[in-house]
Structures are given as C-alpha cells and as structure tokens.
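Student: Could we go through this structure together, beginning with the overall picture and then moving to single elements?

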Amino acid sequence: MSPSEPAPRPDPTAATGTPVADELPAVAPQLRERRRGAGLTLEAAAATAGLSPAHLSRLETGRRQPSLPMLLSLARIYGTTVSELLGETVADRESIVHGAAMDPTLAGGWTYWQAGAPGRGMQALRVRVPYGTQGDIVRVHPGEEWLYVLSGRLRLRLGDSTHVLAPGDSAHFDSLTPHRIGAADEDGTDLLFVHTLLQSPSTALCLGPADGHTLGDLR
C-alpha cells in the first residue's frame with residue numbers, strides 16, 4: 001500500500017448506514033485491483049473521475065456503494081467493463097447471452113442485467129430505473145450511447161434540451177453531450193442501454209459535480 005492510500009477501516013456500511021457488502025460483494029476489491037493495474041494512484045484516479053480521494057477510498061473498501069454511472073466512469077478510466085468490476089464471469093467472446101444466466105445487480109438504486117458478452121467494443125445492459133434515483137447525475141465522456149424504452153416513460157436531458165421518451169422510443173447520441181436520465185413516472189422505467197467502451201484511461205472525463213450541485217432539475 002502506497003503512503004497516499006488511506007488504510008481500510010472496518011466500516012461495512014454506506015453513508016446511509018446500510019450494509020453494502022451483500023449487494024456488491026466483488027466491486028470493492030475489484031476497484032482497487034483495476035486502479036492499480038492501470039497504474040493510477042488513488043488521487044489521480046479520483047481526479048479523473050471527478051471524485052474526492054476519500055470518496056474513492058470508501059468505494060474501494062466497501063464503505064460506499066457506487067452508482068451505475070460511477071461504475072461506468074471508473075470502468076472507462078481503468079480500461080475495463082462494469083461486469084468485470086462486479087466480478088461477473090461470462091465466457092469471453094461468447095455470442096449468445098441467456099437471460100436466465102444473468103443475475104440482476106443493484107447499483108445506486110438502479111437494477112441492471114448484462115445483455116451482452118464481455119470482450120467487445122460496446123456494452124449492452126437491460127436497466128430498471130426507479131423514480132427519483134440518479135436523475136441528478138450528469139455524464140460527459142467520449143463515445144456514443146443508445147437507449148430504447150421498454151416500459152414507463154424516461155426523461156432524458158441532452159445539453160440544454162429535455163425529452164420525454166415513451167415505450168418504443170429510442171435515443172442515439174454523442175456522449176460528449178452532457179446528459180442524464182431519470183424515470184418520468186413514479187412507476188419507474190425499463191430500458192435497453194448500449195454504450196461504447198473506450199479502453200484508454202485518458203478518455204474518461206466525468207460523472208458530474210461531486211459536491212451535489214447539478215446542471216438543472218430534471219423533474
């Protein structure tokens with residue numbers, strides 16, 4: 001352990017006081033291992049992700065649960081995928097993904113299922129977005145994203161424009177456009193989500209303000 005990395009403390013709870021180890025058992029050690037494998041210090045990785053070193057340390061020691069957008073950002077920084085950060089094991093380069101073999105994963109209030117195999121140039125997810133979760137997280141990063149609404153209504157902010165997507169609607173956009181998504185109705189929404197994976201640590205930009213300030217209100 002380098003002198004710049006805080007020593008782990010035996011606190012098994014997130015900021016809300018609820019245990020997170022049972023929800024994401026593999027993510028904490030994977031975050032630390034992948035960061036070190038990318039040759040990044042805690043401070044460098046945190047700065048690239050728009051986090052404080054203390055916050056990233058809490059993620060790496062399991063004392064804070066990462067949101068799905070945060071996992072996406074860290075995966076890009078470390079040149080890996082969300083599924084690998086979560087310790088999921090799917091046969092490399094597998095062409096067929098069977099839904100029955102994919103267990104749901106909870107991240108930051110969202111529930112998602114892998115809908116694509118690892119080792120590809122993009123990642124596909126099926127996502128359940130409850131109302132009122134992560135709608136204030138702004139993301140900006142190189143690449144492209146595509147999403148398709150399966151059920152419920154989705155509120156999508158692209159730059160200065162806000163769009164409400166109904167079931168059957170889709171969006172395909174440049175990820176350098178500041179964007180955020182949230183459920184427009186209290187029943188939540190389900191969607192398919194595909195994004196490109198950029199393997200260079202220098203390509204990850206941000207998740208949005210770490211101090212809780214946002215670029216406007218989605219609701």
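**Overall surface and fold**

Tutor: The protein chain exposes about 10,400 Å², of which carbon and sulfur atoms supply 54%; accessible areas come from the Shrake-Rupley method with a 1.4 Å probe, and for residues only the protein chains shown count as cover. This is a predicted model, in which local features need pLDDT of at least 70 and side-chain atom pairs count only at pLDDT 80 or more, while totals for chains, interfaces and linings use all residues. Residues are numbered from 1 along each chain as its sequence is written, and side-chain values use heavy atoms, with hydrogens and water left out.

Student: How many helices and strands are in the protein chain?

Tutor: The protein chain has five helices and nine strands. These are DSSP runs numbered from the N terminus, helices being H or I with at least four residues and strands E with at least two. In order from the N terminus, the elements run α-α-α-α-α-β-β-β-β-β-β-β-β-β.

Student: Let us turn to helix H2. Which of its residues are buried?

Tutor: In helix H2 (residues 42-49), they are Leu42, Ala45, Ala46 and Ala49. They lie on the same side of H2, because they cover an arc of only 100° around the axis; the arc is that of the directions from the helix axis to the C-beta atoms.

Student: And what do the buried residues of H2 pack against?

Tutor: Their packing partners are helix H1 (27-37), helix H3 (53-60) and helix H4 (68-78), where contact means heavy atoms within 4.5 Å. Just after H2, Gly50 takes a positive phi of about 75°.

Student: Now the strands. Is strand E9 mostly covered or uncovered?

Tutor: Strand E9 (residues 189-196) is mostly covered, with six of its eight residues buried.

Student: Which strand pairs with E9 over eight bridges?

Tutor: That is strand E3 (residues 122-129), in the antiparallel sense; two strands pair if DSSP finds at least two bridges between them. Leu125 has Phe193 in E9 as its bridge partner. Strand E4 (residues 144-151) also pairs with E9 in the antiparallel sense, over six bridges, and Ser151 stands opposite Asp190.

Student: What is the strand order in the open sheet of three strands?

Tutor: The order is E6-E5-E8, with antiparallel pairing. Strand E6 (161-165) and strand E8 (179-183) are at the edges with a single partner strand each, so one side of each has no neighbour in the sheet.

Technical notes. Buried means under 20% relative accessible area, exposed over 50%, partly exposed in between (1.4 Å probe, protein chains only).
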